[in-house]
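Grab a pencil and open the model in your viewer. Here are some exercises, each followed by a worked solution.

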Amino acid sequence: MITGRTQILGVIGDPVEHTSSPVMHNAALQALGLDWAYVAFHVLPADLQAALRGMRALQLRGLNVTVPHKQAVMAELDEIAAEARIIGAVNTIANEDGRLCGYNTDGYGFIESLRQEGGMEELPSQVVLLGAGGAARAILHALLQRPEVEKIVLLNRTVDRAEALAGDLDPAGLRVEVEGLEEHDGSGIRDAGLLINSTSIGMHPNECSSPLRNAACLHAEMLVLDIVYKPLHTRLMEQAEAVGARVLNGLGMLVFQGARALEIWTGKKAPVAVMKQAALERFGAAS
Ligand code: NAP
């Protein structure tokens, strides 16, 4: 029930109509018994500044930010958390009495998914990260916060982009090794305990594709996290399961990044199980 006191949260993006965030967050708000609601706003790049002025004027409590606004929105904020600044992207804005504060909760979502769903309190010493886009930036930053991770093999189709990312986050070049995704011979993967796919390969409508042309380098002692969540079971996950590796899809990361955003906005512990069930129904039905 919307009342005169209902507080509004939302997500801005272009396009935005396929987002699962309203389903997930409204289920959580209801479970918490809060008179708050979460909606999707289609904001074109040319209207981003006006949208943020509107956020202040309408006193929206918080916004998630999705493609293509995660970088551009940073110029419109009063404060940016150190992590988001280093990553170079904001996915959550909190309106704190008129001050707009930016955060990035993707790295938290990634680590919590590994910890709570993958049982990885400690990460392996060697990790392979496929992709060098927006999601990879947050993931690489989170990996570099963990001292037990000694070496990260970063593989991307466009090597220059991966080199730029590694140069930003590991400027001394001590822990990140860059190679071309298509030329890689699999050696780095054979020695790794964790492989993460942060490319969009395998995502709907290209469910038959895998980022690994030769999956023989996958092995039973590794965990493979494919951050794609549509479909919930990807071709890469099939390849990993075939050699006995453990697998996770991107739903957990999605839910935990949302949970962290909700905690920033409300100050209350997010009902993660409720959020996961809502997202699962959304994607289970859609996949
Ligand atoms: P992005 O910034 O557009 O980056 C896309 C990445 O995929 C780049 O590394 C790109 O390589 C690579 N790629 C795309 N098509 C390719 C192809 N045909 N061959 C080889 N490489 C290809 O996207 P993003 O925001 O990082 O998102 C990437 C994926 O992560 C999407 O599926 C998204 O849904 C998912 N995601 C999940 C979560 C979650 O919470 N689970 C969060 C964020 C994103 P180049 O650099 O060579 O173009």
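**Exercise 1.** Work out how far H9 is enclosed by the rest of the structure, then look at its span and its end.

*Solution.* 
- Step 1: Start with burial, where buried means under 20% relative accessible area, exposed means over 50%, and partly exposed is in between (1.4 Å probe, protein chains only). Of the 16 residues of H9, 15 are buried, so the helix is largely enclosed by the rest of the structure.
- Step 2: Place H9 in the chain: helix H9 covers residues 251-266. Helices (H or I, at least four residues) and strands (E, at least two) are DSSP runs, numbered from the N terminus.
- Step 3: Check the span. From first C-alpha to last, H9 reaches 22 Å, close to the 22 Å expected at 1.5 Å a residue; the expected span is 1.5 Å times one less than the number of residues.
- Step 4: Look just past the end. Gly 267 follows H9 and has a positive phi, near 75 degrees.

A word on the model before going on: it is a predicted one, where local features need pLDDT of at least 70 and side-chain atom pairs count only at pLDDT 80 or more, while totals for chains, interfaces and linings use all residues. Residues are numbered from 1 along each chain as its sequence is written, and side-chain values use heavy atoms, with hydrogens and water left out.

**Exercise 2.** Find the strand order of the mixed sheet, and say which helices lie across its strands.

*Solution.* 
- Step 1: Trace the order. This open sheet has six strands, S2-S1-S3-S5-S6-S4, with mixed pairing. Two strands pair if DSSP finds at least two bridges between them.
- Step 2: Find the edges. Strand S2 (36-42) and strand S4 (79-80) each have a single partner strand, so one side of each is left without a neighbour in the sheet.
- Step 3: Follow Val 11 in both directions. Strand S1 (residues 7-13) runs parallel to S2, with seven bridges joining them, and Ala 40 in S2 is the bridge partner of Val 11. S1 also pairs with S3 in the parallel sense, over four bridges, where Val 11 stands opposite Asn 64.
- Step 4: Cross to S5. S3 and S5 run antiparallel and are joined by three bridges; Gly 62 has Ala 94 in S5 as its bridge partner.
- Step 5: Check the faces of S3. In a regular strand the side chains alternate between the two faces of the sheet. Both faces of S3 are covered: Gly 62 and Asn 64 are buried on one side, Leu 63 and Val 65 on the other.
- Step 6: Helix H2 (residues 48-57) lies across S1, S3, S5 and S6 and runs at about 40 degrees to S5. H9 lies across S1, S2, S3, S5 and S6, at about 5 degrees to S5. Axes here are lines fitted to C-alpha atoms, for helices over the stretch in contact (heavy atoms within 4.5 Å), and angles run from 0 to 180 degrees between N-to-C directions.

**Exercise 3.** What is the strand order of the parallel sheet, and which strands are at its edges?

*Solution.* 
- Step 1: The order of this open six-stranded sheet is S9-S8-S7-S10-S11-S12, with parallel pairing.
- Step 2: Strand S9 (176-180) and strand S12 (246-248) are the edge strands, each pairing on one side only.
- Step 3: Neighbouring strands are turned by 15 degrees against each other on average, direction ignored.

**Exercise 4.** Which residues are closest to the ligand, and which side chains have a polar atom by a ligand oxygen?

*Solution.* 
- Step 1: 20 residues surround the ligand, the closest being Ala 135, Asn 156, Thr 158, Arg 161 and Met 203. Each has a heavy atom within 4 Å of the molecule.
- Step 2: Go through the oxygen distances. A side-chain N or O atom of Thr 158 is 2.5 Å from a ligand oxygen. For Arg 161, a polar side-chain atom lies 2.8 Å from one, and for Arg 157 the distance is 2.9 Å.

**Exercise 5.** Is Leu 123 buried or exposed, and what does Leu 123 touch?

*Solution.* 
- Step 1: Leu 123 lies in the loop between helix H4 (106-117) and strand S7 (126-130).
- Step 2: With a relative accessible area of 5%, Leu 123 is buried.
- Step 3: Leaving out residues up to four places away in sequence, Leu 123 touches Ile 111, Leu 114, Leu 143, Arg 146, Glu 148 and Val 149.

Conventions:
A polar contact is a pair of N or O atoms within 3.5 Å; within protein, one must be able to donate a hydrogen and the other to accept it, and residues adjacent in sequence count only if both atoms are side-chain atoms.
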